[in-house]
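This briefing covers side-chain contacts, aromatic pairs, charges and the nonpolar core of one model. Please keep the structure open while reading.

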Amino acid sequence: MGSEGPSPVTVHVTGFKRFYGVAENPTEKIVRNLQSFVEKRGMPKGLMLGSCTILEAAGQGALGPLYELFESSVVNRECGSLNQGQVILLHFGVNSGSHRFALENQAVNEATFRCPDELGWKPQVAIFVPLFPFIISLYLCDSFTFNHFFFTFQRVPIMSSDGSILQSRQTTLPVKEISKSLQQMGYDVAPSDDAGRFVCNYVYYHSLRFAEKHGIRSLFVHFPLFSAIDEEVQMLFVASLLEVLASLNLL
């Protein structure tokens, strides 16, 4: 009997629905059309499209579907099915203020949302701070009232068990190498160390954490709006990204 050769790398792709300030999220349309796009074009050799999932533009409220995806990718791999090779969790999000693609090196353990997500969640911790701590401690200890405090809001970690908001997690994929290959193909793309502090960073941090625990890979890519780079070019960018990922030696 001959050798069966290496197992394919399975890619699970996610995008986001619309959210406040972005009426049309390009990643929703890209991921929704990706299956039919690659069926016509063909997947690069050694790569298999495992799933295409559209997520709510939300943090905590969207973790259920996100972790269902994570767990299914690992179960399939550990069960020795056709998915037993390496797995890449490939996340797409939009940066409405950018005119280029960005490959995110890392996510940080901070959930300081600038506004509530699409499910109305805005993680923050309210703290009561005394207006005059020294005076109060000397004279007002027995007659302290609510009026002697003011509110402040503390920046909170995504995972408190991971430590402070300064904690970060990095992708194990070679972002600079991937970016350089895509640049040579003619795309306006660059590595980035800042995935923001909103839902994109929140999802990416969870993904990198899960990937590290289970020995798989994760990458987040920020896309511009279609008004900056049209839909056809963005779909071709995804095809080229898959080609570059297929060319990597992911053992």
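Which residues does Phe198 touch, not counting residues up to four places away in sequence? They are Phe19, Phe113, Arg114, Cys115, Pro116 and Asp117, where contact means heavy atoms within 4.5 Å. The model is predicted, so local features need pLDDT of at least 70 and side-chain atom pairs count only at pLDDT 80 or more, while totals for chains, interfaces and linings use all residues. Residues are numbered from 1 along each chain as its sequence is written, and side-chain values use heavy atoms, with hydrogens and water left out.

**Around Phe198**

- Phe198 lies in the loop between strand E9 (189–192) and H5; helices (H or I, at least four residues) and strands (E, at least two) are DSSP runs numbered from the N terminus.
- Phe198 has 11% relative accessibility and therefore counts as buried (buried is under 20% relative accessible area, exposed over 50%, partly exposed in between, with a 1.4 Å probe and protein chains only).
- Thr112 is 86 residues from Phe198 in sequence, yet their C-alpha atoms are 6.9 Å apart.
- The charged end of Arg114 sits over the Phe198 ring, 4.6 Å from its centre; the rule asks for NZ of Lys or CZ of Arg within 6 Å of the ring centre and within 35 degrees of the ring normal.
- Asp117, in the loop between strand E5 (106–108) and strand E6 (125–130), touches Ala57, Ala58, Gly59, Phe198 and Val199, leaving out residues up to four places away in sequence.
- Asp117 is buried but has no salt bridge, and Arg114, the nearest side chain of opposite charge, is 11 Å away.

**Aromatic pairs**

- There are 15 aromatic pairs, counted for rings of Phe, Tyr and Trp (its six-membered ring) with centres within 6.5 Å; planes under 30 degrees apart are stacked, over 60 edge-to-face and the rest tilted.
- The Phe16 and Phe220 rings have centres 6.5 Å apart and planes at 35°, so this pair is tilted.
- Phe16 belongs to strand E1 (residues 9–16) and Phe220 to strand E10 (residues 217–223), so the pair ties together parts 204 residues apart in sequence.
- Phe16 and Phe220 are both buried.
- One aromatic cluster is formed by Phe19, Phe113, Trp121, Phe198 and Tyr202.

**Salt bridges**

- The structure has 11 salt bridges, each a side-chain nitrogen of Lys or Arg within 4 Å of a carboxyl oxygen of Asp or Glu.
- Arg197 pairs with Glu110, with the closest N and O atoms 3.2 Å apart.
- This pair links distant parts of the chain, 87 residues apart: Arg197 is in the loop between E9 and H5, and Glu110 in the loop between E5 and E6.
- Glu110 is buried at 4% relative accessibility, whereas Arg197 is partly exposed at 32%.
- Glu231 and Lys29 also meet in a salt bridge (3.2 Å, N to O).
- Glu231 is in helix H6 (residues 231–247) and Lys29 in helix H1, 202 residues apart.
- Asp162, Arg169, Arg209 and Glu212 are linked in a salt-bridge network.

**Nonpolar core**

- The largest nonpolar core has 65 residues, of which Leu90, Phe92, Ile178, Leu182 and Val221 touch the most other members; such a core is a set of buried Ala, Val, Leu, Ile, Met, Phe, Trp, Tyr and Cys residues joined through side-chain atoms within 4.5 Å.
- Helix H5 (residues 199–214) gives the most to this core, with nine residues.
- Beyond its neighbours within four places in sequence, Val221 contacts residues including Leu90, Phe92, Phe237 and Leu241.

Notes:
Lys, Arg positive; Asp, Glu negative; His and termini not counted.
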